[in-house]
Structure formats: C-alpha cells, structure tokens
Amino acid sequence: MVAHQIGELIALWFRAGNVSVAEVNHARDVLERECVRLAALNRTEDDLAAIRRPVEDSRNADLTSDEWLANDLEFHTAISKAAKNHVLELAMTSVHLVRPRTNALLHRVLEREPVLEQHWKIYEAIRDRDPEGAVSAFTAHFDHLSEVQRRALADRDSSKVSVADITEEERPAPDVLRRRRTQQPDAPSREDSPDR
C-alpha cells in the first residue's frame with residue numbers, strides 16, 4: 001500500500017514537468033551502476049531466473065515495440081531487486097516509472113540486437129558473480145543507449161527536454177506494460193547464449 005502510494009506520488013511529480021530527460025539519465029547511470037554491482041554479489045537463483053527471462057523473451061522478433069520495451073523494463077527491474085538494497089530499489093523505482101517515456105524516444109531508432117547482446121553480457125556477469133564485469137557491461141550498455149538517445153533527440157538538448165514534454169505518440173501503451181508485469185513465464189533452461 002505504501003509503495004503504491006509512493007509510486008503514485010513519484011509519477012505525479014514526473015508529470016508535473018520538473019524533471020528533464022538528462023536528469024533521468026544521470027540518476028539511472030549512478031543508481032543502476034551500483035545495482036548491477038550489488039546484484040552480482042547478492043543475487044539468488046530466483047533473481048537470476050527473473051533477470052534472464054526478459055532477455056530470452058526479447059529474442060521474439062514478433063514483439064511490438066511496446067512489448068519489447070516492457071521486457072527491457074522487466075530486465076532492469078529484476079536487477080534492482082537482485083541488488084538486495086531496499087533504498088536503492090526504491091530510488092530505481094522512481095527511474096523505472098519514467099523510463100517507459102524516455103525509452104519511447106528511442107524505439108524508432110533503436111536496433112534490438114545490440115541491446116539484447118548487452119543485456120546478455122550484464123546477465124552473464126551477474127550470473128558469474130563478477131561485480132566489475134557487471135559494471136563494465138552496464139557501462140557499455142548505458143553508453144550505447146546515450147548515443148542512440150542523442151541521435152533520436154536530433155537537435156534537442158536532453159537537459160531541456162522535460163519528461164512531461166514527451167508527446168503522446170512517443171509514449172508506450174500503458175496496458176502492455178501492465179500486462180507484462182502480471183505475466184510470469186517459466187524460467188528458460190539454456191545457459192549458453194540468448195541467440196543460440
């Protein structure tokens with residue numbers, strides 16, 4: 001109940017227009033870098049399955065952009081939980097609440113395959129309990145997305161683009177995100193690679 005109320009307050013704050021895309025990016029970089037490091041140290045087998053599942057599901061070429069972005073969000077949320085730090089998880093929740101909007105800026109120019117490979121490398125480092133490798137893999141992923149976002153924004157400065165300014169057409173369908181959160185597919189059984 002309290003977590004839901006906090007989530008609603010954070011979402012309202014974002015809608016108020018006081019948060020820029022650049023601020024979301026910076027917060028994500030700082031927070032998720034530590035989350036991947038801690039996830040590599042603290043993850044359980046259940047956490048590992050929850051991180052792997054959306055990577056495997058993202059291999060489906062028939063997914064719509066909204067469905068694919070929902071998998072992306074599930075992957076990063078699972079990492080936040082695997083870190084086993086409730087304060088970091090709460091902070092990342094505020095980032096995850098706005099990421100469907102900021103991700104929507106990317107979907108027209110984002111190629112899925114590089115992101116899938118980057119997610120797999122993050123997963124492998126967490127699986128192997130390699131915190132430095134997890135941070136390195138996340139950094140490569142974040143840098144790639146930053147470059148894609150720069151191209152997507154064209155002549156717009158991310159520090160001057162408010163989250164509230166992202167147009168309705170750029171946002172994902174909320175019903176897809178809600179459906180994705182309620183699905184619990186079986187954990188995949190392969191351990192070699194997401195595309196083999």
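Leaving aside its neighbours within four places in sequence, which residues is phenylalanine 138 in contact with? They are Arg28, Asp29, Glu32, Arg33, Val36 and Ile122, where contact means heavy atoms within 4.5 Å.

The model is predicted: local features need pLDDT of at least 70 and side-chain atom pairs count only at pLDDT 80 or more, while totals for chains, interfaces and linings use all residues. Residues are numbered from 1 along each chain as its sequence is written, and side-chain values use heavy atoms, with hydrogens and water left out.

Phenylalanine 138 lies in helix 7 (residues 131-153); helices are DSSP runs of H or I with at least four residues, numbered from the N terminus. Its relative accessible area is 0%, so phenylalanine 138 is buried (buried means under 20% relative accessible area, exposed over 50%, partly exposed in between, with a 1.4 Å probe and protein chains only). Between the C-alpha atoms of phenylalanine 138 and tyrosine 123, which stand 15 residues apart along the chain, the separation is 9.8 Å.

Methionine 92 belongs to helix 5 and counts as buried because its relative accessibility is 0%. Residues up to four places away in sequence not counted, methionine 92 touches Leu31, Glu32, Cys35 and Ser80.

**Helix 3**

Helix 3 (residues 45-57) has 13 residues and should span 18 Å at 1.5 Å a residue; its end C-alpha atoms are 18 Å apart, so the two values agree. The expected span is 1.5 Å times one less than the number of residues. Asp47, Leu48, Ile51, Arg52, Arg53, Pro54, Val55 and Glu56 are buried in this helix. At the start of helix 3, a side-chain oxygen of threonine 44 comes within 3.3 Å of the backbone nitrogen of aspartate 46.

**Cavities**

The whole structure holds 2 cavities of 30 Å³ or more. On a 1 Å grid over the protein atoms alone, a cavity is a set of points where a 1.4 Å probe fits but cannot get out, and lining residues have an atom within 4 Å of a point. Grid points are joined across faces, edges and corners, and a volume is the space filled by probe spheres set on the points.

| Cavity | Volume | Largest share of the lining |
|---|---|---|
| Largest | about 130 Å³ | helix 7, 4 residues |

Residues lining the largest cavity include Val24, Arg28, Phe142 and Gln149. Helix 2 (21-42), helix 5 (86-104) and helix 7 each supply at least two residues of that lining, which divides into 4 nonpolar, 5 polar and 2 charged residues. Here Ala, Val, Leu, Ile, Met, Phe, Trp, Tyr, Cys and Pro count as nonpolar, Asp, Glu, Lys and Arg as charged, and the others, Gly among them, as polar.

Among the residues lining the second largest cavity are Trp68, Leu69, Asp72 and Val115. Helix 4 (65-82) and helix 5 are the elements that give two or more residues to this lining.

**Positive phi values**

Most residues other than glycine have a negative phi. Lysine 84, in the loop between helix 4 and helix 5, has a positive phi near 65°. Its relative accessibility is 44%, so lysine 84 counts as partly exposed. Arginine 129 has a positive phi of about 55° although it is not a glycine. This arginine 129 is found in the loop between helix 6 (112-127) and helix 7, and is partly exposed at a relative accessible area of 42%.

Terms used: Polar contact = N/O pair within 3.5 Å; in protein donor to acceptor, adjacent residues only side chain to side chain. 1 Å grid on protein atoms, 1.4 Å probe; cavity = no way out; pocket = protein on both sides within 12 Å on 5 of 7 lines; lining within 4 Å.
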